[in-house]
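These notes are meant for a colleague who is opening the structure for the first time. Please read the numbered points with the sequence and the model side by side.

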Amino acid sequence: MEELMKTNTKFILLIAASALAAIAATRISAASKPQAKSGVDRLYVIDCGDGSGPDESRWTPGANVGIPVGFPGHCYLIHHTQGWFLWDTGVDDAVAKLPHHELVLHEWGPGTGPIWRKPITLAAQLEEIHVKPSDIKLMAVSHSHPDHAGNIEMFPNTLMLVQRVEYEWAGSRQDTVAFNKNHPVKLVDGDYDIFGDGSLVLLSTPGHTPGHQSLLVRLPKTGPVILSGDVAHFQTSFDHRYVPSNNWNKQASLESMDKIAAILAKEHAQLWINHDQAQSDAQKKLPAFYE
């Protein structure tokens with residue numbers, strides 16, 4: 001009987017040891033398993049307009065009152081293994097043909113500004129790197145303001161990703177562009193992983209407009225970058241949580257800035273602010289690119 005008990009005990013210990021070894025092996029395997037490789041390999045920063053306004057405090061209430069301000073506008077062309085993706089389309093290329101290559105927009109009512117200049121077109125810059133509008137597989141705009149959505153119809157057959165609430169709201173104010181209902185569109189509700197590999201993720205960031213969205217880009221060498229649209233207009237706006245008076249909703253704007261801040265911390269990401277002049281001056285522009 002004693003020998004039988006010893007044999008059973010050894011057997012039980014052997015099974016337990018085998019089970020623990022299997023669990024450990026599983027954990028080691030899971031920990032060492034590499035994350036899915038990002039399908040993104042290039043990101044181009046494109047000059048898509050040059051803006052200016054007479055009073056910075058329109059964008060930074062209570063700060064820098066009466067001080068003129070300049071701000072760039074950008075589009076971003078991203079190459080993914082599944083095709084080209086365009087983020088924002090900038091000021092309408094037709095502005096380049098106007099006197100002085102400039103147009104006054106209507107953010108606070110007709111003719112109130114800011115002034116946007118377009119000395120070089122989006123079309124010309126794409127041609128410089130031998131990309132045709134028909135080569136763009138997917139596109140998205142952060143929101144429906146004309147300095148971000150001015151050239152959508154340069155890509156009439158490209159599927160556009162837009163938040164459903166923005167699609168329905170666009171055109172309701174004098175400072176927005178109404179979307180062409182004949183343009184191919186995929187309506188999105190909230191955050192959305194575009195290619196399913198985590199390389200390009202739409203982030204719902206309402207506030208500036210009802211369906212404003214930002215874009216998380218995971219670049220293999222540069223690392224994660226957030227293209228923030230107009231979540232904040234300048235770095236100081238983000239740092240001090242300034243909300244322009246003409247934003248659609250102040251509380252939503254603050255919550256979206258907090259959401260972006262949390263993702264920046266979690267991802268150890270860079271924040272690329274579309275209209276920040278100092279940041280723009282430090283960035284390399286097309287034909288150079290980020291990897």
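1. A definition is needed before the aromatic residues can be discussed: rings of Phe, Tyr and Trp, taking the six-membered ring of Trp, count as a pair if their centres lie within 6.5 Å. By that criterion, a search of the whole structure, which is a predicted model, finds seven aromatic pairs.

2. One of these is formed by Y44 and W84, whose rings are 6.1 Å apart centre to centre with 45° between the planes, a tilted arrangement. Y44 belongs to strand β1 (residues 40–53) and W84 to strand β3 (residues 83–87), so the pair ties together parts that are 40 residues apart in sequence. Y44 is buried, with a relative accessible area of 5%, and W84 is buried as well, with a value of 14%.

3. The rings of F71 and F234 also form a tilted pair, with centres 6.4 Å apart and planes at 50°. This pair links distant parts of the chain, since F71 lies in strand β2 (residues 69–80) while F234 lies in the loop between β12 (223–227) and α5, 163 residues apart. F71 is buried, with a relative accessible area of 3%, and F234 is buried with 7%. Both belong to one aromatic cluster, together with W59 and W116.

4. The loop between α5 (235–240) and α6 (250–267) holds Y242, which, leaving aside neighbours within four places in sequence, is in contact with W59, T60, P61, A63, T236, S237 and M257. Y242 and S253 are eleven residues apart in sequence, and their C-alpha atoms are 9.2 Å apart in space.

5. Two charged residues deserve a look beside aromatic rings. The charged end of K181 sits over the ring of Y167, 3.8 Å from its centre, and R42 lies over the face of F289, at 6.0 Å from the ring centre.

6. For the overall setting, the protein chain has seven helices and 13 strands, and buried residues make up 48% of its 291 residues. Among contacts between residues at least 6 apart in sequence, 65% join residues at least 24 apart.

Conventions
Residues numbered from 1 in each chain as written. Predicted model: local features only at pLDDT ≥ 70, side-chain atom pairs only at ≥ 80, totals over all residues. Heavy atoms only, no water. Helix = DSSP H or I, 4+ residues; strand = E, 2+ residues; numbered from the N terminus. Buried < 20%, exposed > 50% of the residue type's maximum accessible area, 1.4 Å probe, protein only. Contact = heavy atoms within 4.5 Å. Phe/Tyr/Trp six-rings, centres within 6.5 Å; stacked < 30°, edge-to-face > 60°. Lys NZ or Arg CZ within 6 Å of the ring centre and 35° of its normal.
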